[in-house]
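Me: I am new to protein structures. Please show me how to read a few features.

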Amino acid sequence: MTGIPRWAMLLLAAAFALYAIAASQGWLRDPSLAKADYVGTIDVSADDAKLYRAVPFEWRVNSAAGSFKGNDTAHIRIDPSGERTVLCGWVPLDKGGASIRATRWLSEARLAVGDIKVTALFIAPVDKKPGDGLNAGCLRLDEGIKPTADAPLRLEGSAVRE
């Protein structure tokens, strides 16, 4: 019976284990992105919502049904007051299928914060209003990365597959 040699299977298993360790440690991150960790969500009260800035963006999604594009607005806050800077944000799901496509685009987009870039994946899609159970997603930047609270914000990315 011919098959895959045992040594090849062991080599493949070892390569997979090394890949898993590298991915879990963040060694495979996009080098153009600042190092950051997703830290969960935070409740946004009506008063807290005033600290978030509207960041408009244009999204593009390609699918078997065609190509779609639209405009939306994310709400983002930079909080540099702690030991490590925290970014929190949300995008409202108020446009049906267009909102779902906007969140799909955000899952691969980048957020430019001044002169650094981070993944926009932390921006939470929400269907609630501030003060009514809205939870923003939050990302904590590594130590030493300290953009100011009023740093310019811009969402960027290319078309994504649905």
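Me: Which residues form a disulfide, and how far apart are their sulfur atoms?

Reply: A disulfide is a pair of cysteine sulfur atoms within 2.5 Å. Here C88 and C138 form one, with sulfur atoms 2.1 Å apart. The count by this rule is one disulfide. This is a predicted model: local features need pLDDT of at least 70, side-chain atom pairs count only at pLDDT 80 or more, and totals for chains, interfaces and linings use all residues. Residues are numbered from 1 along each chain as its sequence is written, and side-chain values use heavy atoms, leaving out hydrogens and water.

Me: Which parts does the pair C88 and C138 tie together?

Reply: Strands (E, at least two residues) are DSSP runs, numbered from the N terminus. C88 lies in strand β4 (residues 86-92) and C138 in strand β8 (residues 135-141), so the pair ties together parts 50 residues apart in sequence.

Me: Is C88 buried or exposed?

Reply: Buried means under 20% relative accessible area, exposed over 50%, and partly exposed in between (1.4 Å probe, protein chains only). C88 is buried, at 7% relative accessibility. C138 is buried too, at 5%.

Me: In what order do the three strands of the open sheet stand?

Reply: Two strands pair if DSSP finds at least two bridges between them. The order is β6-β5-β9, with antiparallel pairing. β6 (116-119) and β9 (153-156) are at the edges with a single partner strand each, so one side of each has no neighbour in the sheet.

Me: How many bridges join β5 to β6?

Reply: Four bridges join β5 (residues 110-113) to β6. In β6, K117 is the bridge partner of A112.
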